[in-house]
Amino acid sequence: NHYVAVADAKAIALVGANVTFGALLLAASPNDTLALILTWIATAMFGAAALIGSVALYPRLSKNSSSTIYWEGIANRGSPENYFASLRALDETGVERAYATENFYVSRVLQAKYRITRWCIILSVIGFILAFIRIAIA
């Protein structure tokens, strides 16, 4: 779960940076037509990056609601006693299977989060390039 927190922190930082740079770019709106067009396109890139980065923050629920490790599966047990009973019923192979299953689902979540974050970075870079060109010509 540490890796999920790291992925979320990256997405939050990117969302915050994109919102900030988009707002700063709009605050200093130029009079020149080309610079104005670049401002709007760069701001659109920053906005799209912020929206896409926000999607990476959306929680993804495990497909395994009967897990003995994942919080949703634990809560579905109904009581601490029921959860304890399910843990006691596991042998060594069952514990290994439970961890393997949970690791698989967490890996899928991380894969999706980082794929989305990668697109956020790409759009951010495009926005920065356009913003620098706009600043250079204004």
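Biologist: In this structure, is the crossing of H1 and H5 left-handed or right-handed?

Modeller: The model is predicted, and the answer rests on its computed geometry. H1 and H5 pack with their axes 10 Å apart, at an angle of about 20 degrees. An angle under 35 degrees counts as roughly parallel, so H1 is roughly parallel to H5. The crossing of these two helices, H1 and H5, is left-handed.

Biologist: Which residue forms a salt bridge with Asp8?

Modeller: In general, side chains of opposite charge can pair when their charged atoms come close. For a salt bridge, a side-chain nitrogen of Lys or Arg must lie within 4 Å of a carboxyl oxygen of Asp or Glu. Here the closest N and O atoms are 2.6 Å apart, and the partner of Asp8 is Lys113.

Biologist: How many residues apart are Lys113 and Asp8?

Modeller: The salt bridge joins Lys113 to Asp8. Lys113 belongs to helix H5, whereas Asp8 belongs to helix H1, residues 2-27. The pair therefore links distant parts of the chain, and the separation of Lys113 and Asp8 is 105 residues.

Biologist: Is Lys113 buried or exposed?

Modeller: A residue is called buried when its relative accessible area is under 20%. Asp8 falls into this class, and Lys113 is likewise buried.

Biologist: How far apart in space are Val109 and Val4, C-alpha to C-alpha?

Modeller: Val109 is another residue located in helix H5. With a relative accessibility of 17%, Val109 counts as buried. In sequence, Val109 and Val4 are 105 residues apart, but in space their C-alpha atoms are separated by 7.9 Å.

Biologist: Are H2 and H5 roughly parallel or antiparallel to each other?

Modeller: The axes of H5 and helix H2, residues 33-57, come within 8 Å. They cross at roughly 165 degrees, and the crossing is left-handed. Because angles over 145 degrees count as roughly antiparallel, H2 and H5 are roughly antiparallel.

Biologist: At what angle do H1 and H2 pack?

Modeller: H1 and H2 are roughly antiparallel to each other, and their crossing is left-handed. Their axes are 8 Å apart, and the packing angle is about 160 degrees.

Biologist: What is the distance between the C-alpha atoms of Asn31 and Ile135?

Modeller: Asn31 sits in the loop between H1 and H2. The relative accessibility of Asn31 is 79%, so Asn31 counts as exposed. Along the chain Asn31 and Ile135 are 104 residues apart, yet their C-alpha atoms are separated by 12 Å.

Biologist: Which helix gives the most to the nonpolar patch?

Modeller: The surface carries a nonpolar patch formed by Leu34, Ile121, Val125, Ile129, Ile133 and Ile137, with an accessible area together of about 490 Å². Ile121, one of these residues, is found in helix H5. With five residues, the main contributor to the patch is the helix of residues 92-137, H5.

Biologist: Why can Ile121 be called partly exposed?

Modeller: Partly exposed residues lie between the buried class, under 20%, and the exposed class, over 50%. Ile121 therefore counts as partly exposed, since its relative accessible area is 41%.

Biologist: How far apart in space are Tyr99 and Thr68, C-alpha to C-alpha?

Modeller: Tyr99 has its place in helix H5. Tyr99 is partly exposed because its relative accessible area is 47%. Tyr99 and Thr68 are 31 residues apart in sequence, and their C-alpha atoms are separated in space by 8.8 Å.

Methods
Residues numbered from 1 in each chain as written. Predicted model: local features only at pLDDT ≥ 70, side-chain atom pairs only at ≥ 80, totals over all residues. Heavy atoms only, no water. Patch = residues over 30% accessible without salt bridge, like charges linked within 9 Å, V, L, I, M, F, W, Y side chains within 5 Å. Areas by Shrake-Rupley, 256 points an atom, 1.4 Å probe, with all protein chains shown as cover. Helix = DSSP H or I, 4+ residues; strand = E, 2+ residues; numbered from the N terminus. Buried < 20%, exposed > 50% of the residue type's maximum accessible area, 1.4 Å probe, protein only. Axes fitted to C-alpha atoms, helices over the stretch in contact; angles between N-to-C directions. Parallel < 35°, antiparallel > 145°, perpendicular 65-115°, else oblique. Left-handed = near helix turned anticlockwise from the far one by under 90°.
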